[in-house]
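Let's take a walk through a protein model together.

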Amino acid sequence: MKNKIALIIETIVVGLLVFFLTVSRFLSSFDFIFRDRLYQIPRGIDSKIKIIGIDEKTMEELGPMQTWSRDYYAQLLDKLNENNDAKPALVGFDIIFGGTVDEGDENFAEAVKNSGNVVVVNHLIYGKTITKSGNSLIVEQEVDGTEEPYDSLKSVCRVGFSNVAQDTDGVVRRIIPVEKYQSSEEKMFSSVIYEAYCEINGIEPKTVPTDRFGRTIINYSGRPGDYEYVSMVDVLEGRIDTRTFKNSIILVGAYAPGMQDSFTVPNGRSQQMYGVEIHANILQSYIQGRFSIDGNPYIYGLITALIAMLLHLFFRKLKPWQSLIILIVSVAAQISLMVVLNNHGHSFSIIYFPLVLVIAYVYSLAIGYLLELARKRKVLNAFRKYVAPQIVEEISKKGDFQISLGGENRDIAVLFVDIRGFTTMSEALEPEQVVAILNEYLALTTKSIFDNYGTLDKFVGDATMAVFNSPFDLPDYEFKAVCAAMDIVNGGRELEKTLLEKYGKSVGFGVGVNVGPAVVGNIGCEFRMDFTAIGDTVNTAARLEANAKKGQVLISDVLYERVKDRIEVNEIGEIPLKGKSKGVFVYEVTEVHR
């Protein structure tokens, strides 16, 4: 009952742990790492999206970007549009054109107007608002203002904000497609380009899923440097055939270190990605409809908690290798399912379910080990009553004992010993005296058996049965059995004197020893079992003991052949044994040479 209650408590703890971690996102930094590795796998870039970069080469030839006349951008548009049959579909400038600089401003605005396919950026300025909810203060970010393109430019093109959101670890994984500012909605740069792309191609824009904060997760298609890029100065100088831009979406932006427009991205490893590349990835996600949002953590946490609880029960019941297979399959299935769901617009945490499963598996291994250790200790303590203490200690050190349940064939030596004249003596003595004498006798036989590494099989009234080489392998077990028999007979002489002085009665022992094959193991039924030995070898040993006189050790001819070089005997000859059709040649052992 206690074990069942403990298992129920363990299972509930596993479920609560999965649910709590999933809902609280306690290890979100680690979860981000694993989600990035699985969800942000490069899927191949869209060749329609190309980048014209303001790179180091461009600034070496044209000077620092902040000193430029906007006439350069006008020249760029003229170059891109010089062939009416090979014009790009759209041109997006990821550059803030705030305020006026020189006469080049109007040239650029005129070029944008003539092109008719240009999108430029503005920049949102965020402020913090503090609201009270009950006893808590909630800090939120709201748009406080915008940095807009100069008026003549803004009036002839589409505008979208360039801001990208960073998670708590500084990585750009999400965007806010639409922000509210005053009474209007500000749309993201990539979103505006996508709407223009849909208009040109006569298709219905796909709806972008957003969470309750208005955010959506970018599924990046390319790593830093994956999108086709050319240097802006190469286009201006005519070194690039502009026909390669036919029907493409051109994004123009910073493409050099130190321009404060590079960010850490989930698939960039140690390399940062320029803002214009991030917008290229976002635009491709718009075109392919591959955004996702965080799924409901409460529902997901509840489902995974229930599954984890069920698997924990399996772990506690199954073998370690079976549990390991289930663990691996479960984690692989969960990860595969999460990737599929992310590709279909729903992103979930990855690490909490496998983490708790691994903890549950290790815990189950540890509990299994401790239970097995306790079981072995219990078995060893039980065997101390039957097996020589030296054997138990050796087994305890090695930890490698195995007992076959049901039975096995083993070659063993069997010893039977009985008190001669016990029945007559017990009739003449008080019960307490009979028990005291019997205990003295049992102590002697047990010590003699254990001293020779035998196993005490059973006591049957005033008879004792012992086996050697069972249940554990015992070297030279035949000779050790004979030695035990002689120790009993010799010790019986001393015991006889003691009992004669104490009770006026004496006893003696008759011993029979045989060797040969027998079936050893658990004999009995489900509710009552006895670990013993059965077979003709055992029966013959019992018959030898029945024929032994007081102070006599009788052995079979089979046993004699195995130990004859180390013992002295008297030939008794062939004697009939009850239950056997043929007689057995018997020897009386008189001395052993150890």
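This is a predicted model: local features need pLDDT of at least 70, side-chain atom pairs count only at pLDDT 80 or more; totals for chains, interfaces and linings use all residues.

## Spaces and helix pairs

The residues lining the second largest cavity divide into three nonpolar, five polar and two charged.

The largest cavity holds about 90 Å³ of space. Around it you'll find Phe32, Arg35, Asp36, Tyr39, Gln40, Arg173, Arg174, Ile217 and Ser347. Sorted by class, the lining of the largest cavity has three nonpolar, two polar and four charged residues. Helix 2 gives the largest share of that lining, with four residues.

Now for the largest pocket, which has a volume of about 1300 Å³. It is lined by 36 residues, and the closest to its centre are Arg174, Ile176, Asp211, Phe213 and Arg215. Which element supplies the largest share of this lining? It's helix 2, with four residues. By class, the pocket lining has 15 nonpolar, seven polar and 14 charged residues.

Let's follow helix 10 to its partner. Its axis and that of helix 1 (residues 2-24) come within 8 Å and cross at roughly 150°. An angle over 145 degrees counts as roughly antiparallel, so helix 1 is roughly antiparallel to helix 10. The contact between helix 1 and helix 10 has 14 nonpolar, six polar and three charged residues. Is their crossing left-handed or right-handed? Helix 1 and helix 10 make a right-handed crossing.

Another pair to look at is helix 15 (residues 431-451) and helix 16 (residues 477-503), which pack at about 155° with their axes 9 Å apart. That angle makes helix 15 roughly antiparallel to helix 16. Residues in the contact include Ile437, Tyr441 and Leu444 of helix 15, and Ile488, Gly491 and Leu495 of helix 16. By class, this contact has 10 nonpolar, five polar and three charged residues. Helix 15 passes helix 16 in a right-handed crossing.

Methods: Residues are numbered from 1 along each chain as its sequence is written. Side-chain values use heavy atoms; hydrogens and water are left out. On a 1 Å grid over the protein atoms alone, a cavity is a set of points where a 1.4 Å probe fits but cannot get out, and a pocket is an open set with protein on both sides within 12 Å along at least five of seven lines; lining residues have an atom within 4 Å of a point. Grid points are joined across faces, edges and corners, and a volume is the space filled by probe spheres set on the points. Helices (H or I, at least four residues) and strands (E, at least two) are DSSP runs, numbered from the N terminus. Ala, Val, Leu, Ile, Met, Phe, Trp, Tyr, Cys and Pro count as nonpolar, Asp, Glu, Lys and Arg as charged, and the others, Gly among them, as polar. Axes are lines fitted to C-alpha atoms, for helices over the stretch in contact, and angles run from 0 to 180 degrees between N-to-C directions. Angles under 35 degrees count as roughly parallel, over 145 as roughly antiparallel, 65 to 115 as roughly perpendicular and the rest as oblique. A crossing is left-handed if the near helix is turned anticlockwise from the far one by less than a right angle, and right-handed if clockwise. Contact means heavy atoms within 4.5 Å.
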